[in-house]
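Thanks for coming, everyone. Please put the model up on the screen, and then I'll walk you through it.

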Amino acid sequence: GARVTVKGSRVLESKWERSQDPHGKGVYSKKLWMAALPDALFEGGYFPFRTQNADEVEIGLMPWAARWKGRVPYSLPRGMLFEDGRRMQQLATYEDLVRLPGSFWVAPGGGVVHIQPYGGDPAGKLFEVAVQPHILRPKTPGMGFIRVTGLTLEHCANGFPRIGIGALYTRGGHHWIIERNTVRQANSVGIEFGYRTFEMQDKRHPPREDPDLGHTIVRGNRIHDCGTAGIRSHTVSHALVEHNDITDCGWQDVEYYWETAGIKMLVNTGTLVRHNRVGRIEAGSGIWLDWNNRNCRVSGNVIHDVRTAAGAVFIEASQVPNLVDHNVIWNVDGQAVRLADSDHTTVAHNLIGRIGEDLVYARVATSRSLGGRGLTSAGNRVVNNIFVDVAKPVALAEGADNAAEHNVTLSGGVRFDADELLLEWTPRQLLPAVPPVPVLKRDFFGRLSEGVMTAPGPFQQRLPPGAVRLGPDARRVGTY
């Protein structure tokens, strides 16, 4: 019953002095202060204030990110600084400190930090320095049957590589249960699981010989303020990711190295992502299943206030059936559902509103190959959805057995309160009855479908005028 907080930071006890201009010209501004970062802060040979977010070797292992080599923020140190528990913003140039209270700059060599505090004089304030690459990680890869429950993990100085960096990192383990934890204030990724423990191109590590046993559950966690992603993983077999509350991630604004999202999981088999709230995501998708997904489902999630170059839900480069159903997707600067280079995905019974770009995008986007053939966009179905206040239509590849049918478009009459997770429903017209999708037996609230016809959207019954709460407490666990 105790409340346990595990921090990847240490208290900075160095004396604060007036900042000396690193160009050797005395005090630059009375707003600025400086303090030493002594080696005693850093144990185990990890020096995050001397280590780039992604150095040349790490960028070299991710050829899709090659253009970012040596550029900010990839080139910035991965250490973090907190003033009285509040994250400070790292800047690339010393001179910019005077323009932003609550900012810091790391001098070359990583031995001194310069700041403009949030409130003037730093005396008497608590400064904490994030120094750990992980907060919880097993000693060896592949450990199984581990439960992590009820912890608060915060202040992780992790970097940008695609694999092996989560604040809570299962290190390729299997049969984990990660539930009811709070993971927050990580420089990059909050929770990482999946079979992969290193980048495939990294010849410094021999390939794993133990089998991929999978079956990890990530349930009921509160994940927020992570720099690149709330949850990330590579090679995920039969996982359940449900009832997590993921918000305010992506503040590093590095979407174009293509490893950012509220939830991003690569190479998924038989994986279910349901009943999560994913909101206020900057520079990343809400939920992204990337590459060769097989028989996976994204269902009953509330995804809102997402700014992305891709989709709020993104199913990428897959050739066998996957399912996106009964989600509420609202206020997206980007596409609502993106099915780039994917076949046989069904997008059904979603409520999608206030979308800046395509409602559903299902087209060939790259010239890559999977399983010995070029990627295509065929056999996708967009059915029984409700679209509200749309800007652009559904965009499907032509002549490839793609279909959009029995969708309903509304103008007004629906409002979503993101703070309260409250849907206000007052449309002027009645919804038509539509043929059900046979595989979908239950609606957003877990109610069993009845009758030969059903209603479009995520709710089995036609909603009466009023308000409907969409938070996790309104839904049942284990109904699918």
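In what sense do S25 and S27 pair, and over how many bridges? They pair in the parallel sense, over four bridges. Before more of that, some ground rules. This is a predicted model, where local features need pLDDT of at least 70, side-chain atom pairs count only at pLDDT 80 or more, and totals for chains, interfaces and linings use all residues. Residues are numbered from 1 along each chain as its sequence is written, and side-chain values use heavy atoms, with hydrogens and water left out.

Two terms, quickly. Helices (H or I, at least four residues) and strands (E, at least two) are DSSP runs, numbered from the N terminus. Two strands pair if DSSP finds at least two bridges between them.

Back to S27, which spans 302-316. Arg307 has Asp333 in S29 as its bridge partner. S27 is largely enclosed by the rest of the structure, because 12 of its 15 residues are buried. Buried means under 20% relative accessible area; exposed is over 50%, and partly exposed is in between, with a 1.4 Å probe and protein chains only.

On a 1 Å grid over the protein atoms alone, a pocket is an open set of points where a 1.4 Å probe fits, with protein on both sides within 12 Å along at least five of seven lines; lining residues have an atom within 4 Å of a point. Volume is the space filled by probe spheres set on the points, which are joined across faces, edges and corners.

The second largest pocket holds about 510 Å³. It has 24 lining residues, and closest to its centre are Trp258, Trp288, Asp290, Glu316 and Arg368. S19, S22, S25 and S27 each give two or more residues to that lining. S27 gives the most, with four.

And the largest pocket? What is its volume? About 610 Å³. It is lined by 26 residues, with Ile163, Gly164, Ile165, Thr197 and His205 nearest its centre.

Next, the aromatics. Rings of Phe, Tyr and Trp (its six-membered ring) pair if their centres lie within 6.5 Å; planes under 30 degrees apart are stacked, over 60 edge-to-face, and the rest tilted. The whole structure has 15 such pairs. One is Trp68 with Tyr74: stacked, 5.5 Å centre to centre, 20° between the planes. Trp68 counts as buried, at 13% relative accessibility. Tyr74 is buried too, at 2%. Tyr74 also pairs with Tyr257, edge-to-face, at 5.7 Å and 75°. Why care where those two sit? Tyr74 lies in the loop between H1 and S5, and Tyr257 in the loop between S21 and S22, so the pair ties together parts that are 183 residues apart in sequence. Ring pairs link Trp68, Tyr74, Phe160 and Tyr257 into a cluster.

Last item: charges over rings. The test is NZ of Lys or CZ of Arg within 6 Å of the ring centre and within 35 degrees of the ring normal. Arg50 lies over the face of Phe47, at 4.2 Å from the ring centre. Arg87 lies over the face of Trp251, at 3.9 Å.

That's my tour. Thank you.
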